[in-house]
Amino acid sequence: MKTAWGEVAVSDAHVHFFSKGFFSRLAAERKSSLEEVQALVGWEMPAADPVELAGRWISELDRHGVARVALIASVPGDEISVAAAVNSHPDRFYGFF
């Protein structure tokens, strides 16, 4: 990112990876459907494949000039989604579990 001090690589150390698994867990806890959870939060539902979601994140990071992020599994049991994202783009993602 271009700053008054020159080019600086921007990293974010706290990014929740809201995967399909995250939304499925919320739906199960609320005893509702994924569609109901989506309507409640007003967010786009991510693809089932966490690697596809990781690619979407890469596009957003590029758009905002962010070099790397630490992805966090937001609910217990979703570490697999974060690991898949990290493995698909190890030069851009760190995984926190």
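Guide: Begin with one term. Contact means heavy atoms within 4.5 Å. Keep in mind that this is a predicted model.

Visitor: Which residues does Ser19 touch, not counting residues up to four places away in sequence?

Guide: Ser19 touches Pro46, Leu53, Asp78 and Ser81. That list does not count residues up to four places away in sequence. Ser19 itself is found in the loop between β3 (10-16) and α1.

Visitor: Is Ser19 buried or exposed?

Guide: Buried means under 20% relative accessible area. Ser19 has 2% relative accessibility, so Ser19 counts as buried. Its side chain also has a partner. A polar atom of the Ser19 side chain lies 3.2 Å from the backbone nitrogen of Gly21.

Visitor: Now the helices. How are two packed helices described?

Guide: By the angle between their axes and the distance between the axes. Here, α1 (residues 20-30) and α2 (residues 34-41) pack at about 100°. Their axes are 9 Å apart. Angles of 65 to 115 degrees count as roughly perpendicular. Therefore α1 and α2 are roughly perpendicular to each other.

Visitor: Which residues make the contact?

Guide: From α1 come Lys20, Phe23, Ser24, Leu26, Ala27 and Arg30. From α2 come Leu34, Val37, Leu40 and Val41. By class, the contact has seven nonpolar, one polar and two charged residues.

Visitor: What does Arg92 touch?

Guide: Leaving out residues up to four places away in sequence, Arg92 touches Ile58, Leu61, Asp62, Val66, Ala67, Arg68 and Val69. Take Val66, one of these. The backbone oxygen of Val66 lies 2.8 Å from a polar atom of the Arg92 side chain.

Visitor: How many residues apart in sequence are Arg92 and Ser11?

Guide: Arg92 and Ser11 are 81 residues apart in sequence. In space, they are 9.2 Å apart, C-alpha to C-alpha.

How values were computed:
Residues numbered from 1 in each chain as written. Predicted model: local features only at pLDDT ≥ 70, side-chain atom pairs only at ≥ 80, totals over all residues. Heavy atoms only, no water. Axes fitted to C-alpha atoms, helices over the stretch in contact; angles between N-to-C directions. Helix = DSSP H or I, 4+ residues; strand = E, 2+ residues; numbered from the N terminus. Parallel < 35°, antiparallel > 145°, perpendicular 65-115°, else oblique. Nonpolar A, V, L, I, M, F, W, Y, C, P; charged D, E, K, R; others polar. Polar contact = N/O pair within 3.5 Å; in protein donor to acceptor, adjacent residues only side chain to side chain. Buried < 20%, exposed > 50% of the residue type's maximum accessible area, 1.4 Å probe, protein only.
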